[in-house]
Amino acid sequence: MLGQMQDWPLLVHRIIDHASLYHHDREVVSRSVEGPIHRTTYGEIGRRAHRLSNALQKRGFKLGDRIGTMAWNTWRHLEAWYGIAGMGGIYHTLNPRLFPDQLVYIANHAEDRALFFDITFAPLVEKLAPQMPTVRLYVAMTDRAHLPDVKIPNLVAYEDFIAEGDEHPFPGREWTEFDENTACGLCYTSGTTGNPKGVLYSHRSNVLHGFMAAQPDAMCLRNADTVLPVVPMFHANAWALAFAAPMVGSKLVMPGPKLDGASIYELLETEKVSLTAAVPTVWLSLLQDLEKTGNMLPHLNRVLIGGSACPRSMIETFEKKYEVTVVHAWGMTEMSPLGTLGTLKAKMDDLPYDKKLDYKTKQGHPPFGVEMKITDDENGELPRDGKAFGRLKVRGPCVAKGYFRGDGVSSFDEAGWFDTGDVATIDPDGYMTITDRAKDVIKSGGEWISTIEIENLAVGHPAVAEAAVIGVRHPKWDERPLLVIVLKQGQSASREDILKYLDGKIAKWWMPDDVAFVSEIPHTATGKIQKITLRETFAGYRLPTAAE
Ligand code: ADP
């Protein structure tokens with residue numbers, strides 16, 4: 001017997017309909033690519049998204065067409081997402097920080113039919129256009145006055161383009177109706193090894209993921225919140241905020257192209273932001289800026305930190321010095337991206353702060369809709385005791401069941417589990433701790449050493465700005481850890497200082513065999529430490545212990 005409830009497909013554009021009806025005057029503030037601060041509302045965004053959708057249809061775009069966006073977080077990018085999705089198109093976010101060759105590969109693999117781009121990227125798009133034969137329309141996300149002087153075929157200014165579309169006074173009536181499992185968005189993983197692989201979200205998965213993100217023990221999004229997603233829409237869906245914030249009508253503050261500490265601080269202050277989200281490197285820059293200026297964060301209530309491990313010292317600084325609650329989160333493009341969030345549970349209320357910090361430093365527990373387990377190399381499930389570590393596998397309605405065009409099949413098994421490529425522990429309360437990427441883990445004498453744990457501890461040293469641990473060849477142990485350090489400006493520390501600081505905090509055999517000081521650690525297009533490059537740089541490195 002089937003239930004007798006309505007079949008109301010979970011379509012992404014219904015979110016903007018809802019926001020534009022019930023939160024019509026709630027503001028969306030952006031730092032525009034052209035420079036000035038721009039203010040609009042959900043009502044206006046809903047209307048313009050309709051126009052955009054209609055303009056695409058008038059130009060012959062149809063259900064299933066992939067439409068690229070190469071853009072910062074702004075109101076126009078938001079309109080483009082909803083407008084594209086609303087006509088059954090698939091918004092395909094391109095990460096402009098990738099190498100041009102990778103961008104060409106991705107656009108061609110996706111067979112993008114149009115490309116919406118910010119004028120920041122006009123020179124890049126001019127260079128790429130001849131190599132992207134499937135793209136037949138280029139939309140520069142600006143008005144005619146700011147149209148750059150570039151040779152790009154079939155180029156139109158965004159404001160002119162949406163003016164081609166009709167506006168409909170009743171939100172919800174104009175959108176095309178289709179099944180909720182219809183593809184909606186496409187995002188490629190950055191592909192540190194091999195070619196990038198496409199993750200194809202559905203309307204249903206995006207809507208469910210928005211619900212999931214908004215929950216109290218996840219991001220706790222409320223109408224009263226003012227949300228600043230520093231995490232780009234081109235990096236794993238801006239962690240659901242482009243869907244979850246309009247769902248509840250939170251005010252949105254979009255940072256545009258300026259993601260440095262000082263610019264972010266300015267928005268946090270002037271717009272009285274209560275919730276913000278980004279990778280640790282962004283917060284490193286903000287905290288350094290605050291230290292320099294002596295500014296505080298009186299309005300900010302919570303900060304979401306994920307994308308790579310958030311050091312314990314960063315959580316402590318935010319919470320103790322600035323009175324901002326940190327939620328450490330883990331996820332990945334393949335998971336829409338949220339997997340776990342580090343909010344505390346009721347039974348932890350009375351714990352001393354240091355113990356709470358132990359939990360907050362973990363990557364968190366999964367919201368309803370994410371299943372997790374860890375396995376050994378033979379796919380045997382390992383205990384949830386917080387000690388055993390193994391390959392982390394996940395499944396759920398917002399987790400990919402395959403990559404676009406059948407790539408990377410080996411990551412998925414018959415029971416529907418996706419192998420994240422991360423190595424982790426899970427404790428009895430469901431808090432997961434990432435110990436490493438499987439490919440970065442150091443195998444010393446057959447035992448695993450967690451590089452993330454050593455890095456987290458090392459950045460707790462007052463002179464250390466950033467730390468990375470890589471495995472270096474060792475004649476006796478196969479591999480031993482080398483700690484690579486960037487010192488804070490104007491600070492000094494010796495190899496011995498750093499090792500002494502770590503002494504007693506980690507197992508003796510985890511102690512790095514050496515410390516190398518560098519002026520900069522390379523990062524990937526999504527802000528992660530680029531360990532491949534570091535390993536290449538230190539490929540011939542001779543550890544002082546190598547002669548033993
Ligand atoms: P990319 O395109 O760089 O792979 P993703 O955001 O999909 O971008 O990367 C996902 C990976 O990032 C995870 O599998 C994990 O290794 C790492 N990661 C994400 N969040 C955290 C975190 N809080 N702590 C440690 N690692 C993290």
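In the predicted model, Ala-309 is found in the loop that runs between strand β13 and helix α11. Its relative accessible area is 21%, and Ala-309 is therefore classed as partly exposed, since the class of buried residues is limited to values under 20%. When neighbours within four places in sequence are left aside, the contacts of Ala-309 are with Pro-280, His-328, Gln-363, Ile-452 and Asn-456.

One of the contacts of Ala-309, Pro-280, belongs to helix α10, which covers residues 280-293. This helix has 14 residues, and the distance from its first C-alpha to its last is 20 Å, close to the expected 20 Å at 1.5 Å a residue. The buried residues in α10 are Pro-280, Val-282, Trp-283, Leu-286, Leu-287, Asp-289 and Leu-290. An α-helix has 3.6 residues a turn, so residues three or four places apart point the same way. The elements against which the buried residues of α10 pack are α9 (261-270), β12 (275-278), β13 (302-305) and α11 (312-321). Just after the helix, Gly-294 has a positive phi of about 75°.

Helix α2 was examined in the same terms. It comprises residues 42-58, 17 residues in number, and reaches 24 Å between its first and last C-alpha atoms, close to the 24 Å expected at 1.5 Å a residue. Helix α2 is mostly covered, with 12 of its 17 residues buried. Among them are the glycines Gly-43 and Gly-46, as well as Arg-48, His-50 and Asn-54. Tyr-42, Ile-45, Leu-52 and Leu-56 are also buried in α2. Just after α2, a positive phi of about 95° is found at Gly-60.

For the protein as a whole, the secondary structure consists of 15 helices and 24 strands. The radius of gyration is 24 Å, close to the 24 Å given by the globule rule for 548 residues, so the protein is as compact as a globular protein of that length. The C-alpha trace spans about 75 × 65 × 45 Å along its principal axes. Of the 548 residues, 58% count as buried. Among contacts with a separation of 6 or more, 68% are between residues 24 or more positions apart.

The accessible surface of the protein is about 22,700 Å², and carbon and sulfur atoms account for 51% of it. The protein has 59 positive and 69 negative charges, whose mean positions are 0 Å apart.

Key: Residues numbered from 1 in each chain as written. Predicted model: local features only at pLDDT ≥ 70, side-chain atom pairs only at ≥ 80, totals over all residues. Heavy atoms only, no water. Helix = DSSP H or I, 4+ residues; strand = E, 2+ residues; numbered from the N terminus. Rg over C-alpha atoms; globule rule 2.2 N^0.38 Å. Buried < 20%, exposed > 50% of the residue type's maximum accessible area, 1.4 Å probe, protein only. Contact = heavy atoms within 4.5 Å. Areas by Shrake-Rupley, 256 points an atom, 1.4 Å probe, with all protein chains shown as cover. Lys, Arg positive; Asp, Glu negative; His and termini not counted. Charge placed at Lys NZ, Arg CZ, Asp CG, Glu CD. Expected span 1.5 Å × (residues − 1).
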